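Subject: Structure handover and findings

Hello,

Here is the structure I promised to pass on. Please open it alongside this note, which goes through what turned up.

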Amino acid sequence: MRIAVGAVCLAGLTMPARALAVHPSGVLTGGPASPARTLVLDGASLSVEQAFAILDGDAVSVRLAPATRAHMVQTRQGALARIASGQRVYGWNQALGPLKDKPLTLDQQRQFQRSILRSNAAGVGPAFPDDVVRLALVLKANQMARGAFGVRPEVPERLLSLVNAGVTPRMPQIGSLGIGDLQPQAAAGLAAIGEDAPVRYRGQEGPASEMLPKAGLPRDFVLEAGEALPIVSGSTVVAASLLDAVHRATALADQAEGALALFMEATRAEESSLDARTHNERHFPEQSAVAARLRALVGGSGWMTEEGRRRLDPVHYHPRIQDAVSVRAAPHIMAVLRHGLGDARTVLRNEANSATSNPLVFPQKDQREYEFVMGGNWDGSLLGHTADSLNAEITDLGVLSQELSARLLSPTWSYGLPANLAGGTPGLNSGMIQVQTVATALVPEMQVRAAPAGVLSRPAKFGQEDHNTMAMASVRNLQGNLDRLETVLAVQLLMSAQGVDLIAGQMSGLPLGAGTRRLQDAIRHYIRPLGDDRYMTPDLRTATWLVHNGLLLQALRPPAPAPIPAGRPSP
């Protein structure tokens, strides 16, 4: 589980302000926790950056804005007045799904809220990570804060009390069809009302009925008419997991650029493929930005010059003319992911600040009475298709990384690196050929799971739900491929660093680029170069750990300028 904390986005790089991570050896590394900060929800201004901070484990105290609370009370009163006038409303005084035509008496309506949660809490499989659950509860509370759900403010406040107390419901991942978060959110709802649904608190897991009092919270919470359906209706768990995927993918995109730059140094690639004039001519801002960051990483390199390329075989040297497509087009491929991540951030910010339940409650034109409007705002199509698109882009990045690491094995394709990147006597030592095979094995798994689940609708529930977005499957596939990409990139970084070390003697007097030098040193801080063959699994585990926890990201940014001494004028 990623537990890097306090991420800050700067110049396209996701820089962890501090990291708290468990090394494969079991050693805990990192700095002290930051003080808690207050997050005020008004239903309209929750940002992607605030969501990322929650995912990073930042200590937050979340509450509703006072004006929002008053608006919710007013809407609730209007909704109840409409019900009292005799209107029959889905989930309020009518049953759900195929049983929607069954009316509920006044006495049944409160009991029905608990029944909704119990019947929908049928999910299975692994639970979502705690940070994703925490964010899902905040998203749901923020959406409720808009007032259109018609619930009392006490409902989102109860959800936020779990977040603030450090109580995390266990939400199963399998069961949602993406037209709402029925199963996982029902599990959270049961926990919130004090039933025996499992929660985690201070490292322990147990039924909410027992754990809530330990956290200083009242065990019981009673939902009134119309308040259970808004908890499960909507795609907030899909949104929370997709936000987590976007956060992870951004950090991996940063590290993929670093891996490419280090590969280019090891193969003494031609820097002309990064020329700003070429990239600006494409009118693709993300492409120009990727190329600019790569130029900064390799800036000042003596390896990526004619002199550097000549060093390995000065007698038979011929100008390279141009590198392979995987090198020259790498900025273009990486830019597609950056573009997709930008679009995803826009989608997710809108989702976080929208009313996504059914029905919704709106004031009529005269503003004196309210009406219920039935619709499909719970639908997760946009989120699911966004996840499918990102998954395709992530997978293409994995394919590219595997192609680059494969080039490092061949003296012909790597322009003279020792075969297999063997550090000892070739033949006696087989080098890194099986390390690269790990990436080759993972890429087909990524390709299979990049098939868009969003086109695989299945009708359900007597045809009442005859189109299902499968958005949860899309996000689960994306998250799984992010796990695989971490190892694929780790292979490329490990092999590129080995390639640099193997020819460092022949490149004596020629510097690496400023950024690639920092990246090489960061890798070597944790993993020593390969000489004679050794047990390679620990090396690859450590490299994957570095990528997973973002511990190489600091090397990808220029060092901060030294502070100017007091009393000394600025230049």
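The largest nonpolar core of this predicted model has 153 residues. Leu41, Val138, Leu242 and Leu243 have the most contacts inside it. Helix α9 supplies the largest share of this core, 20 residues. There is also a second, separate core of eight residues, including Ala79, Ile83, Val361 and Tyr370. As background, nonpolar side chains in soluble globular proteins tend to be buried together.

Leaving aside neighbours within four places in sequence, Val138 is in contact with Leu39, Leu41, Leu46, Ile54, Val62, Leu160 and Val163.

Now the overall numbers. The protein has 571 residues, and 55% of them count as buried. Its secondary structure comes to 19 helices and 13 strands. Among contacts with a separation of 6 or more, 75% are between residues 24 or more positions apart.

Helix α16

This helix covers residues 433-448.

The buried residues of α16 are Val435, Gln436, Ala439, Leu442, Val443 and Met446. Seen down the axis, they fall within an arc of 115°, so they line one face of the helix. That buried set packs against α15 (381-407) and α17 (471-503). The face turned away from the buried side carries the exposed residues Gln434 and Val448.

Salt bridges

The whole structure holds 26 salt bridges.

- Glu195 and Arg114: the closest N and O atoms are 2.7 Å apart. Glu195 is in the loop between α6 (182-192) and β10 (198-201), Arg114 is in helix α3 (residues 106-120), and 81 residues separate them. Glu195 is buried at a relative accessible area of 16%. Arg114 is partly exposed at 30%.
- Asp483 and Arg248: the N to O distance is 2.7 Å. This pair links helix α17 to helix α9, across 235 residues. Asp483 is partly exposed, with a relative accessible area of 43%. Arg248 is buried, at 8%.
- Arg484 and Glu445: the closest N and O atoms are 3.1 Å apart. Arg484 is in helix α17 and Glu445 in helix α16, 39 residues apart. Arg484 counts as buried at 15% relative accessibility. Glu445 counts as partly exposed at 34%.

Salt bridges that share partners also join Asp130, Arg170, Arg200 and Glu205 into one network.

Backbone

Most residues other than glycine have a negative phi, and most peptide bonds are trans. Here are some departures to check in your viewer.

A cis peptide bond joins Asn358 and Pro359, with omega about 0°. Pro359 is in the loop between α14 (330-352) and β12 (360-363).

Arg268 has a positive phi, near 50°. It is found in the loop between α9 (236-266) and α10 (276-280). Is Arg268 buried or exposed? It is buried, because its relative accessible area is 1%, under the 20% cut-off.

His283 also has a positive phi, near 60°. It is in the loop between α10 and α11 (285-298). His283 is exposed, because its relative accessible area is 66%, over the 50% cut-off.

Two more sites

Arg76 is in helix α2 (residues 66-84). At 7% relative accessibility, Arg76 counts as buried. Leaving aside neighbours within four places in sequence, Arg76 is in contact with Trp92, Gly150, Val151, Arg152, Glu224, Ala225 and Glu227.

Pro529 is in the loop between α18 (514-526) and α19 (537-548). It is partly exposed, with a relative accessible area of 38%. Beyond neighbours within four places in sequence, Pro529 is in contact with Gln498, Asp501, Arg524 and Arg534. The C-alpha atoms of Pro529 and Met495 are separated by 9.7 Å, and the two residues are 34 residues apart along the chain.

Best wishes

Technical notes
Residues are numbered from 1 along each chain as its sequence is written. This is a predicted model: local features need pLDDT of at least 70, side-chain atom pairs count only at pLDDT 80 or more; totals for chains, interfaces and linings use all residues. Side-chain values use heavy atoms; hydrogens and water are left out. Helices (H or I, at least four residues) and strands (E, at least two) are DSSP runs, numbered from the N terminus. Buried means under 20% relative accessible area, exposed over 50%, partly exposed in between (1.4 Å probe, protein chains only). Contact means heavy atoms within 4.5 Å. A nonpolar core is a set of buried Ala, Val, Leu, Ile, Met, Phe, Trp, Tyr and Cys residues joined through side-chain atoms within 4.5 Å. The expected span of a helix is 1.5 Å times one less than its number of residues. The arc is that of the directions from the helix axis to the C-beta atoms. A salt bridge is a side-chain nitrogen of Lys or Arg within 4 Å of a carboxyl oxygen of Asp or Glu.
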